[in-house]
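Me: Hey, could you walk me through this one with me? I've got a few quick questions.

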Amino acid sequence: MAAHMSGAGHEGEFAAAPELPAILPPVNRRRGLAGLIARSPGSSIGVAILLAIVFMAVMADYLSAIDPARLSPIARNRDPSLQYWFGTDMLGRDLYSRVVYGARVSLIVGFLVALLSTVLGLIVGMFSGFVRWTDSILMRVMDGIMSIPPILLAIALMALAGSSMTNVIAAITFAEVPRVARLVRGVVLSLREQAFVEGAITAGTTTPMIIWRHILPNTLAPLSVQTTYICASAMIIEAVLSFIGAGTPPSVPSWGNIMADGRALWQVKPHIVFFPAVFLSLTVLAINLVGDSLRDRLDPRMGGKG
Amino acid sequence: MLHYILRRVLSTVPVMGIVAFLVFSLLYLAPGDPASVIAGEQASAADIERIREQLGLDRPYLIRFGEWLWHIMRGDLGVSVFSSIPVTQLIVQRLEPTVSLMVYTLILSVLIAVPMGVLAAWKAGTSIDRAVMTFAVLGFSIPVFVIGYLLAYVMALKLGWFPVQGYAPLSSGIGPWLRSLTLPALALSCVYVALIARTTRATMLEVLNQDYIKTARAKGLNQFPILFHHALKNAAVPVVTVIGIGVALLIGGAVVTESVFVLPGLGRLTVDAILQRDYPVIQGVILLFSFLYIIINLIVDIVYTIVDPRIRY
């Protein structure tokens, strides 16, 4: 759309009539994996990284030879070596094992928060959209929750609930639900005006059936994008919470905790912070890439070629 | 328009009320009994009961909420359990680094992100555009403390251009103050720049495709005034809105950035309060930040109804 405009931007080059598109070259769509990668390199990279991280999390028991919790006081703060691939931390724990196990924590928190907040947000959003008298109350409450910056809200809930992985998941979910609820409500309200839904109502279709047949399928597309982003943001919030000491218990090898352990020494032993940081960033990046390509497919306005 | 502004101002009241209620419930539900903390180790059960009555802790939930609300409206946020200093005083002491960091980041981000987004939209589909979009994805993906450590390692530890950590107050001079805040602000700005640049690009793409831009080009106007005068002005509303919404990212990020760079601001206050389970302080900071966020977005909404004559309510 805008691509040819920018091409004609230089002075004097502007043609009186909009330039006709050159005859399109014959489309030679490659099939199979190679074709898929060529068509959307971003999401392919994302999926590849994500699969690798999932593999790492699932196979953690086999990938690491050393128990991530084992202390070896004689081997503290070692630099990366053949024995300790990523070095050791200030208690002599093997960082490679800890980082590998850390993938489990991040993935579990990310996926569970995404799933739970989507389901809860869907319920709240549907309620607001269909049971009209609950709408103003529910939406004011959602606005209230959304006015507290999510990280702060999660911090507050964690301070209240005490550190455990369940509490981390619950706290982040609580902070993310309003975003889903708002989205679902918006979709429901616009769908209700559509002829096919009005038709279904007139024909006497019951509300649960309308939700199931007409509303839900049309909500899933925008919701899937939102869910991916929530997964990515949940992983970041979990790491932040652990990093400042309000997340998973210090004994759990989560990437945020490993970084928190390395904080005091980062100027002399930067590798302790470096390895979990790289893995965390790569994982979040992978999920965001998948989310972006989903979004581009559904809403071409935001990204892509313009 | 005045009617709209008034309505918009009033609409923040219930939201603020709900935030206050949520934050109050937080303290109410907090484990531990403030009365026994204040009474000390050797206090008898009767002493604790007396203090409980003095503090009004024995009264019903909603009445206590009402009283608490009355107190915060007069600027009384309670007393820190840990240091016995009024929370308001603690907040005022820690305000300068945080406000400096946030304002610096805001200015820096807008100055970097808006031209970036305009450039990407103008050169849509080219490698410049792809570079900007790649930066945006990275900005969203790399957590602020990771960027913080990276910047501190390269630009402070290795190159020595900036102090590694610590804060130089404004009273020690503008130079040291700016130097101590540059790395934290750069780290904090990444995600914000990504957000603003992306929105700027998207809205600019739509605007650049409209007829009056074609007319301006047909008149033979230079590219620069077209982009920044004709187009950006009309793309401003979504961009300004996202700047307002992004303040939430800024607030959350500030807490972490202050930990990385050891800045004595509100973020440090919050983190210390969590470790000490100092609920009144946590409550006060969250309340402050949330109200700040609500008010900033209120101002944003009102400003563009005044600035943009197309918006009529």
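This is a predicted model: local features need pLDDT of at least 70, side-chain atom pairs count only at pLDDT 80 or more; totals for chains, interfaces and linings use all residues.

Me: Thanks! And what percentage of chain B's residues count as buried?
Reply: That would be 49% of its 313 residues.

Me: What does the C-alpha trace of chain B span along its principal axes?
Reply: About 85 × 55 × 35 Å. As for contacts in chain B with a separation of 6 or more, 73% are between residues 24 or more positions apart.

Me: Now the inside. Which residues have the most contacts within the largest nonpolar core?
Reply: Those are A:Trp255 and B:Phe145, in a core of 162 residues. Helix 8 of chain B (residues 174–208) gives the largest share of this core, with 16 residues.

Me: Where does that core lie relative to the domains of chain B?
Reply: Between domain 1 (2–73) and domain 2 (88–308), because both give residues to it.

Me: Back to A:Trp255, what does it touch?
Reply: Leaving out residues up to four places away in sequence, A:Trp255 touches several residues, among them A:Ile53, A:Met56, A:Pro276, A:Phe279 and A:Leu280.

Me: Last one, on charges: how far apart are the mean positions of the positive and negative ones in chain B?
Reply: They are 17 Å apart, for 22 positive and 17 negative charges.

Notes:
Residues are numbered from 1 along each chain as its sequence is written. Chains are lettered from A and ligands numbered from 1 in the order in which they are written. Side-chain values use heavy atoms; hydrogens and water are left out. A nonpolar core is a set of buried Ala, Val, Leu, Ile, Met, Phe, Trp, Tyr and Cys residues joined through side-chain atoms within 4.5 Å. Buried means under 20% relative accessible area, exposed over 50%, partly exposed in between (1.4 Å probe, protein chains only). Helices (H or I, at least four residues) and strands (E, at least two) are DSSP runs, numbered from the N terminus. Domain bounds come from an automatic or database domain assignment. Contact means heavy atoms within 4.5 Å. Lys and Arg count as positive and Asp and Glu as negative; His and the chain ends are not counted. The place of a charge is taken as NZ of Lys, CZ of Arg, CG of Asp or CD of Glu.
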